[in-house]
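Have a look at the model below.

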Amino acid sequence: MSDRNATVSGEHSSQINPEAHSPQEIQIALYSRKQAFDYFEKAYFGRALAHLFVALRLIPEWRSELRFMFWQALSGGCKQLADENRLEDTINLRQEASLLYPDDEMILMDLGSIYFKLDDIEKSLKYYYKALELCPTFLPASRAIQSIHNKQVERWHFRMLNDTDRNEAYNRAIAHLIQKGFSSVLDVGTGTGILSLFAAREGADKIWACESNPFMFKIAQSVLAENKLSERVNLINKTSSSIHIPSDIPQKVSLLVTEIFDAGLFGEGVLPTLINAWENLLLPPLYSSEGCDEPNSNQAVVVPFSATVWVAAVQCIDIARRHRLLPSACLCRKTRTTVLCRKSKSDTIDFGAVKLCKFCEAPLDELHQDRRDLNCCLDDASVVLNASEPYTTENLEHVPFGFELLSKPHKLLEINFNSLEELKAYSQNMLREKKMTVLTDTAGSCDALALWFHLNLDNNGTVLSTAPFSEVGVFRGTCWHQAIFPSFTSKPVMPDDSILLNINLKEGALDISMDSNVPGESKRLFSITDNILAFLNNKTWTRAFNAAAVDFAKTVSQIPVTSKKIMDLNPFPVFGLRMLRDCDPSWKLWAKAETNNDKEFIISVARQNSVSESQLAFITHETLDHNVKDEKFEFVCVNVVDASGEFAENLTDTLPILQNMLSSTGKIIPHSLSIECQLIESERLMLESRIVSDENVKNFFIKKFINNFAVDYHLDVPYRSLKCRKLSNPCELLKLGISPLESSTICGEHKQKISIPSIEEGSVTGIIYWVKLYITPRMDPLSTICHDSHCNQVVLFSSLDVKAHQNVNLECQFWYGMLDVKLSLAES
């Protein structure tokens, strides 16, 4: 019997050697074993674990057979302790478990996880690496190590270091100013040390570089040593605001270089950083309008010299879908009071195979509408994202279905980083309630304002732009994305319409809201979490769950009242609410709601669809195994894939619990899934994941140090807009069950090897994969790469040169929701 089978069904013990144990020991062990199984099936993991400790200490021969069950009970028990904030108790429990299983990779993995939660990275890595030593193919440990790498070195470092335009522009500006005599340098936020390397190569006399991140600081130390510049660049493991003269640096400097800018320019704290530097670390500023005059020993300059911020109105269906609930049907053509009565060259936009109205962004094709479906658009409110920040960041060049500028770029502001007075004025919010008008020149729906900036690096013609398009005479810094200030209501515009901007600088970040001169119905805003909004804007899936509910509702007339219960754990309970609407009022729905706003929204949609609030109950992930474990459900609808493309967090932990909550005729929806994949070649993905060549960093030796923190997978990849070459056709990698009736389930370990032919010659960057869900036998599967999917995809990196029509082996390892695939060429 396998570990997994023993966990779910086996109470029968292996043979016990009666000569090795007393009758009393055997009796106690058998009782404890039975109790452990009983408690485990009811998800009382702490009690199950206590009985397992007793049984396994008395009968060590059972340890191999019950190993997996013990680990699951340990994980569940420790989770319950962690939820009670008893992290030290979880460490003690795991250390006690390690005495039973002294060299077990799963126990070591658990110990590493708890130290990670305690932010003890060193101890966490120690246990993860030890687990890998015991089992080199143990996928959870390798993924955990890479998760730490992601935390230690954020992924934008790779994108920035590979940005050759940015590197060339900064190098040119630093060279120009050092040649002018600004030869004592402070590099603020040095990262890998690349700007200090530029300064050293160009002949700076003295260089200090500060970096507060301890991991980046160590990388910078290694980079400087490898480039034989440790003696010339003095590294300081502090923020610049913590540096003092003369304890950290002996004197004030003449040149400060930095790139601590986010997509909105100010968001990484450049204002307080430069104010502190001018007041405490720099010589007096050199003022110039034409260029840098010949300096003397008491002058200083900051690179970049200044910045200009630009803003434009944009239409982008992908941004709209993530910030407001779009209508299911277009009404523009049925009303005389619409902007469509005004002249427009085009009144549609392409959304995959679907045409959308350009003004309300709803489908025009009646085939994509079913007025019997659950109505999730509230009559008295606009449903919008509950946003915690004034703007998001977006690489407009690569958004799915593109974007369109509805206005010319308008200059929002200019700031001189070499003027202490100007920096202080901005810091004290000189933009307070500033107003500005943007004039549109194209018809459409204003979904957002896009913001970017020009960095005037040296006041000598070296300009670096973060615009989403190329511009003549300036370097283009592609490592920065654009700041997006979304519209939370529909804003249809025509040429020569004006959009009024309200501009503020709040808590060190730009905040822009907009009003339009286009009249429209004023509604209250109902804010919900991003996962619900994205799910509801996936009309393909919501229609499918409506259809599945209609099918199942026809089969439940004979269900006893005690079993008329549904649990819908999707981001929004479309299936559950539609079942309640179509079935008799004795049915009850348990839905997931993480916030009060989400709960109120579900209740409001229920009322609008003639479902009584008394039929609803709410759970969170934390209350799932406590509040409803004794209920029996006829339908359990499971959320399988999260927005990043990975399998949903805690899916394989909660699925066994949910399976035990099914009635005798109960069903899990979806009942199974398949994982499909494709071989691709993508330069963009490589540039975002590792340093491709030291040539990208002006031939300094950086690659081998920063690439130690590269990972072999990339989450949240929008395949619909990914610039890549497809080197194979899509293929099915695995078919896995979700229902307990399926043989090969997602809660398990699976290995499989398949061979697929390449379709053209190229160099494989990786394997991109997505998921298909099977809801009912009658329906086509739902795919996470449908045109309006709320999920992105995952890429597993690989490197393999292939010829056209050459067979490639894919060796797949699946471990409880984690997937890895190794590539090799098939033998001829």
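## Cis prolines

Pro670 sits in the loop between β27 (662-669) and β28 (672-681); strands (E, at least two residues) and helices (H or I, at least four) are DSSP runs, numbered from the N terminus. The peptide bond from Ile669 to Pro670 is cis, with omega near -5°. Val303 and Pro304 are also joined by a cis peptide bond, with omega about 10°, and Pro304 lies in the loop between β5 (301-303) and β6 (306-315).

This is a predicted model: local features need pLDDT of at least 70, side-chain atom pairs count only at pLDDT 80 or more, and totals for chains, interfaces and linings use all residues. Residues are numbered from 1 along each chain as its sequence is written, and side-chain values use heavy atoms, leaving out hydrogens and water.

## Positive phi

Leu265 isn't a glycine, yet has a positive phi of about 75°. Find Leu265 in the loop between β4 (255-258) and α13 (270-280). Leu265 has 0% relative accessibility, so it counts as buried (under 20% relative accessible area; exposed is over 50%, partly exposed in between; 1.4 Å probe, protein chains only).

Tyr816, no glycine either, has a positive phi of about 45°. Tyr816 is in the loop between β36 (807-815) and β37 (818-825) and counts as buried at 11% relative accessibility.

## Asp447

Asp447 lies in the loop between β14 (444-445) and β15 (448-456) and is buried, with a relative accessible area of 1%. Its side chain makes a polar contact of 3.0 Å with that of Arg324 (N or O atoms within 3.5 Å; within protein, one must be able to donate a hydrogen and the other to accept it, and residues adjacent in sequence count only if both atoms are side-chain atoms).
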